[in-house]
Structure formats: structure tokens, C-alpha cells
Amino acid sequence: MGLTKKIVTWARIKSPWIIHFNTGACNACDIEIIAALTPRYDLERFGVLLKGTPRHADILVCSGPVTRQIEDRLIRIYEQMAEPKFVIAVGSCACSGGVCAGCYNVKGGINSTIPVSAYIPGCPASPKAIIDGAVKLLTSLKG
Amino acid sequence: MRKPDIFKVPIGPQHPALKEPESFSVSLSGEKILGVDIRIGYNHRGIEKACEERTYVQDVYLIERICGICSHTHATCFVQAVEEIAGLEVPKRGLYLRTLIAELERIHSHLLWLGVAGHEIGFDTLLMYTWRDREIVMDVLADLTGGRVNYGMNTIGGVRHNITPEQAQKVLTAMDKLEEQTKYYIELALGEATLAARLSGVGVLSHEDCVKLGAVGPTARASNVDRDTRRDDPYAAYGDVSFSVITDDHNDVFGRTVVRVKELMESYSIIRQLLKNLPEGPIAVKAPRKIPIGEAVSRYEAPRGEDVHYVKANGTEKPERVKVRAPTLANVQAVKKMLENRYLADLPIIIAAIDPCFSCTDRMINIREVASKNSRIMEWETLRQKGIEHYRKQGIDFSKVKITQSF
């Protein structure tokens, strides 16, 4: 690994900016993601910062199964993100469709639409599990 | 003079101010909002339809996942309807525990809302404070039921978890702590000049408009509509406890904040009364697998307003029809009125002030054919046929279920 690449990787791991997108979730995973960012769990100590636009974000945190109406928007948001980009699927619905799998308006998990880097199961995934998943993803980037 | 240009700003489905995907097309003249087109449906998953393919017991858990914030709301509302059809008498202790979780849920939801409202007006300290305190009630819920968000407390005929005296003591300690904190929030909401200045006069919904548009919950109570299902049509153990319905005549976002923080205090008092008078005895009765033919409507005062469930049973172990009317659906019509002639910068807080929950609300989709730009709404029969075919492809044949008796 060249020195430049090493520095870039180091910087990337220290400041992963996330964008949260609800693709049809029931809010449970969403509030747990927000809970992970607030004082008790404080995901920010790993440099994680919640951003408002996909253009600023490195990691797309998705919750919920992909509904047919959101599908195009999810792809569009994914395409707007700058490389390198990662996707975390939070919750059972995002991983596989969960309880909503087989519903007529649900396409399936996030990986039915866009590639996923990390899966965090749970209904809903607890803030502890979300922190664990985020840290594991960041550790894997060290390469 | 040139006529002012009308400018259309699309907000959503992904927007930093929105926690869930929904879409607003805002017509602007300068900074002023002339009109809003609200488009919802991004969260529609088809849960009502899926309920018809599952047994009643499975449905309790599926319905709990309609919404992650009012999970107990939907589950309770559904089991109440099923219990009414089956003629089940839930033991007193079961009803008390159901009410206990309902009030704890209200506390967590209102604290959550207060934080989100703070965030929307750029007062992030409030978000961090309330969410820190919210963890106290989340711990209590996790201790009582095993789940932080989806409690799995309800079952048809009662509740699934009993409460020990030690747990009850823990709840009471937590309530004392939260009450202390809430007093601070009340002081903050009523006394802090900057907060009052930011929220007063924003998102005004007059009493007449509120009644006309059928708003519910804290949104309606802040417009001085004295309406609360807990008092008007007592369910569970609400008939046994005394509490006051908080109303406010500010008619704006400030009023909605006041109503919610004051309701927190009422919830603490309800919980203390419930635990003090908690009756002994069983917590559930055994429910039959097959529910007799019948239909029922169940009402429930969710943290956001009145939630209505309709269940139609056909004598099998699966329901014939389940219909959910979530409180946000009643309130979202009022948002349009609240936004008129306001500034664009007020939009996030006005939308947040009804405490929207679109995963509850999105009950149908309007299919638009891209090529011909025709839109069509599927009728109930077509949708049913589509559903049967969809499940038949997966090897489940629902069309064999014959409804023998009409009612």
C-alpha cells in the first residue's frame, strides 16, 4: 500500500459520513439509528456524522424493505453518492424483506435493488448492533 | 407591474427535514408558500393484505410492525377488535398491564417528538437532552417486555408478560426521574423566550378548521378540540384511572408543544395509579384458534391521535379483512391548511408538529403508468384478485376459503 493510499484510508475510516434513508421501514429501525447517534450510544465518537444529502455521504444507511414506489428513488440516491460508497442494511426487513417479504408492494431486501456492504439483523436492530455493524464495516476497510 | 413568479420546490422523498419518505410539492412566491401538494405512499408495503394470509396470532406481530413508534398502539387496537368478535373477557390484570405499556409508549413517543421538534428548529441540544432521557423509558420497556421498540406484549385474550414487584418499583423510580426532567421541559417550553418566539404563530390551525378537517390527537387538542378516546370511549383500564385531557388554545406549533409536554405529566400520574391499584390474578385467557364470524371496530388513543382498526372475521383462523386508519392520515390533511401563507423555512417544523408517521398512513398506492401517464386506482375486488394470484404463485391458495355466511 502506497503512502498516499494509506493516508486516504486512514482519513476515510476516521470520518465516515452517513446518510439515512428510509426505504419503507416502520420507523423502528429509524429511531434506533437516531438513538445510536444520541448521547447514550454516541456513534459520533467513531467520527460518524449524519448528513442531509447523498452527495456528502460515504455510507448509505438503509432501513426497511424496498417498496415499489421507493425503488427508483433509492437507485437515484445511490447513484448520487460519490465513490467510494458503502451501503449498510439495518434491520431484518432491509436484510431480507423480513416480515414484509412476499407483500405485493415489497420488492425485497435492499440487496434486491443496490449492492449492500454490511447487514445488521434485528427487528429492530438495537443501537448496540448498529454500532457493532458500523465498526465492523470500518475495520474491514483497513484491508 | 410583473406578476410574481410561482416557483415549485419539490421536497422529498429524501430530504434532511423528513424522517420518512414522503413528497411535498410546494408552490412558492418568493419565500411564501401558496399551496402544497402532498404525495404519500412511499412506505406502502401491503400489510393489510398480508394480514389476510396469516393467522390471527401471526397478525398481532405483523400489525405491531406497521409502525415502530406506536407498535403497541396498533397491536392493542387489533387485539381489542378480535377480542370483541370472539367475545373474550380479558382479565383485569391483563388490561392494566396493557395500559401500562401504552402509557410508557406515549412517554417515549412524546419525548422523541420533543427532540425531533428541537432538531427541526435548530435546537439540537434539546434533541440530545430528550433522547438521553428517553433512554430511561426505553430501559423500562426493555425490562418489562424484552424489546426496546417492538414489545410483543399483546396476545389475543390478554398480555404475554407479567410484572414482578421489583419491576414495578423500577418503573416508579424511572417515573420520578422522568418527572423531574419533564418539569424542566415544561419550564423550557413555557418560559424560554426564543423557543416561544420561534414556535408561536407558526402552523396556525383554527378551531373551526381543525374540526372541519378532522384532525386528531395533540394536533386537535392544541386547537382547543376537547377530544381524547381514552376518556370519551374508555378501553383497557382507562375507565379506572383519573386523568385530565390537556387542551390549549394557542392553535399553533407552540400549543402542540405545550400539549405534549403536559401530557407527559398526565402519563406519569396514570402509570402511578395503575401500579398502585394493580389487581392480582391471571394476565390472559386462552383464545380460540378460529374466530367466529363477525366484525368489529376498535378505537385507541395513540400518541399521535385516534387510531381505528376494523376487523372482519369469517369463521376461519385468518381474518377476512383488516383495515387500519392511522392518526397521521387524519392529520395530514390539516398540514396543507397550516402551511398556507407561511414561509418555506417553517415547513419542517410544521410538518414535524403533527408528529407524522407515514409508515402507519400509507395504506394504498395510486398506480401511474409512465408511458400513457394514466393513473388508476385499484378497486378492492381487483386488489383482492391480484393478492390471491400473487400468493398462489407462492404456493398458497387463498381462493379456496369460502365465505359461507354473508353479513
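How many helices and strands are there in chain A? In this predicted model, chain A holds five helices and seven strands. Colour chain A by secondary structure and follow the chain from the N terminus: the order of elements is α-β-α-β-β-β-α-β-α-β-β-α. Chain A has a radius of gyration of 15 Å, close to the 15 Å that the globule rule gives for 143 residues, so it is as compact as a globular protein of that length. Along the principal axes, its C-alpha atoms fill a box of roughly 50 × 35 × 25 Å.

Stay with chain A and turn to its packing. Of its 143 residues, 48% are buried. Among contacts between residues at least 6 apart in sequence, 80% join residues at least 24 apart.

Before moving to the second chain, consider the confidence values. Chain B has a mean pLDDT of 88, with 92% of its residues at 70 or more. For the complex, the predictor gives an ipTM of 0.92 and a pTM of 0.89.

Next, select C62(A), I88(A), V90(A) and I350(B). These residues touch the most other members of the largest nonpolar core, which has 147 residues. Helix α4 of chain B, residues 92–120, supplies the largest share of this core, namely 14 residues. Now centre the view on V90(A). Leaving aside residues up to four places away in sequence, V90(A) touches C29(A), I33(A), V61(A), C62(A), S63(A), I120(A), A125(A) and I130(A).

Two cis peptide bonds are the next stops. Select P84(A), in the loop between α3 (71–80) and β5 (86–90) of chain A. The bond that joins E83(A) to P84(A) is cis, with omega about -10°. Then move to P124(A), in the loop between β7 (118–120) and α5 (127–141) of chain A. Here the cis bond runs from C123(A) to P124(A), and omega is near -10°.

The tour ends at two residues with positive phi. Select N27(A) in the loop between β1 (17–22) and α2 (28–37) of chain A. N27(A) is not a glycine, yet its phi is positive, about 90°. Is N27(A) buried or exposed? With 27 other C-beta atoms within 10 Å, N27(A) is buried.

Finally, go to D355(B), found in the loop between α13 (347–353) and α14 (358–361) of chain B. D355(B), a residue other than glycine, has a positive phi near 55°. D355(B) counts as buried, because it has 26 C-beta neighbours inside 10 Å.

Definitions and conventions
Residues numbered from 1 in each chain as written. Chains lettered and ligands numbered in written order. Predicted model: local features only at pLDDT ≥ 70, side-chain atom pairs only at ≥ 80, totals over all residues. Helix = DSSP H or I, 4+ residues; strand = E, 2+ residues; numbered from the N terminus. Rg over C-alpha atoms; globule rule 2.2 N^0.38 Å. Buried ≥ 20, exposed ≤ 12 C-beta atoms within 10 Å, placed from the backbone. Contact = placed C-beta atoms within 7 Å. pLDDT = per-residue confidence, 0-100. Core = buried A, V, L, I, M, F, W, Y, C linked by C-beta atoms within 7 Å.
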